[in-house]
Amino acid sequence: MSLSAATKAKLEKITTATLTTVLLKKGLRNVWMRGAAPFSPSAQGVRLVGEAFTLRFVPAREDLATPASWSSPISTRAAIEAMPEGCIAVADAMGITDAGIFGDILCARLKKRGVTALVTDGAVRDVAGVNGTGLPVWCAGGAAPPSVAGLTFVSWQEPIGCGGVAVFPGDVIVADADGCVLIPKDIVDAVTEESVEQERLEAWIMVQVESGVALPGLYPANAENKAKYEADKAAGRA
């Protein structure tokens with residue numbers, strides 16, 4: 001895993017809203033995963049960061065999507081055992097929400113292995129049990145049927161699409177109350193530093209708003225207000 005502890009600590013203080021703004025400035029519009037909302041109690045009111053460990057499902061095919069497939073070498077069970085501590089499991093369920101990709105036992109194993117969170121555009125099952133594991137889950141809801149009722153698991157650690165976003169193994173995921181945002185692994189440090197500065201600027205802007213300053217020219221800041229911000233920053237007031 002290549003995400004440094006220093007970068008991770010900075011990202012844990014940056015909102016996904018800020019990250020989408022910074023990524024938009026870099027030309028990346030499609031980074032927010034549709035359908036992956038905070039679901040379990042342990043996903044509420046937190047911000048979690050980790051490298052993506054990808055899981056891929058395709059539509060169910062009757063000869064492959066069977067309970068017997070759970071014992072196959074290519075299974076969600078085998079994938080879980082390959083996950084490193086600190087990763088975020090990101091599952092491409094194609095937005096299918098009438099079959100739960102993981103239940104309480106699998107989520108308990110994820111928690112035991114030190115996986116940071118589960119993120120999917122699909123659903124989980126055994127909701128009460130999943131919530132009881134303490135694993136933070138971002139998903140599109142709960143569903144009683146097992147995964148094989150609607151999906152076939154085919155692979156892990158390859159490029160996937162989750163919530164309409166292309167996710168490559170090792171990309172960085174930030175998940176909070178607004179959902180899940182992807183940062184391409186090759187630009188994570190640059191995006192992090194720009195986001196830290198963006199949040200500092202916006203905190204200064206909020207102070208100006210609270211003091212009665214009008215928005216035009218303030219947000220976004222024009223040259224005059226940028227100069228005021230830089231002066232306050234140099235003086236330790238921002």
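Me: How many helices and strands does the secondary structure of the protein chain come to?
Reply: In this predicted model, the C-alpha atoms of the chain fill a box of roughly 65 × 30 × 30 Å along the principal axes. Of the 238 residues in the chain, 44% are buried. The secondary structure comes to seven helices and ten strands.

Me: Is Ala6 buried, partly exposed or exposed?
Reply: A residue is buried under 20% relative accessible area and exposed over 50%. Ala6 has a relative accessible area of 49%, so the class for Ala6 is partly exposed.

Me: Which strand gives the largest share of the lining of the largest pocket?
Reply: The largest pocket has a volume of about 190 Å³. Of the 15 residues that line this pocket, Leu64, Ser69, Ile74, Thr152 and Phe153 are the closest to its centre. The lining divides into nine nonpolar residues, six polar and no charged. Four lining residues, the largest share, come from strand S6 (residues 151-156).

Me: Are the rings of Phe153 and Trp156 stacked, tilted or edge-to-face?
Reply: The count of aromatic pairs comes to three. In the pair of Phe153 and Trp156, the ring centres are 6.2 Å apart and the planes lie at 10 degrees. Planes under 30 degrees apart count as stacked, so the pair is stacked.

Me: Which residues form one aromatic cluster?
Reply: Phe153 counts as buried, at 13% relative accessibility. Trp156 counts as partly exposed, at 27%. Together with one further residue they make up a cluster, and its members are Phe57, Phe153 and Trp156.

Me: What is the phi of Gln157, a residue other than glycine?
Reply: Most residues other than glycine have a negative phi. Gln157 is found in the loop between S6 and strand S7 (160-162), and is partly exposed at 36% relative accessibility. The phi of Gln157 is a positive value, near 55 degrees.

Me: Where is Asp126 found?
Reply: Asp126 has a positive phi near 55 degrees, in a residue other than glycine. At 38% relative accessibility, Asp126 counts as partly exposed. Its place is the loop between strand S4 (117-120) and helix H5 (127-133).

Me: Which residues does a cis peptide bond with omega of about 5 degrees join?
Reply: Most peptide bonds are trans. The cis bond here involves Pro220, found in the loop between helix H6 (188-210) and helix H7 (223-234). With omega of about 5 degrees, the bond joins Tyr219 and Pro220.

How values were computed: Residues numbered from 1 in each chain as written. Predicted model: local features only at pLDDT ≥ 70, side-chain atom pairs only at ≥ 80, totals over all residues. Heavy atoms only, no water. Buried < 20%, exposed > 50% of the residue type's maximum accessible area, 1.4 Å probe, protein only. 1 Å grid on protein atoms, 1.4 Å probe; cavity = no way out; pocket = protein on both sides within 12 Å on 5 of 7 lines; lining within 4 Å. Points joined across faces, edges and corners; volume = space filled by probe spheres on them. Helix = DSSP H or I, 4+ residues; strand = E, 2+ residues; numbered from the N terminus. Nonpolar A, V, L, I, M, F, W, Y, C, P; charged D, E, K, R; others polar. Phe/Tyr/Trp six-rings, centres within 6.5 Å; stacked < 30°, edge-to-face > 60°.
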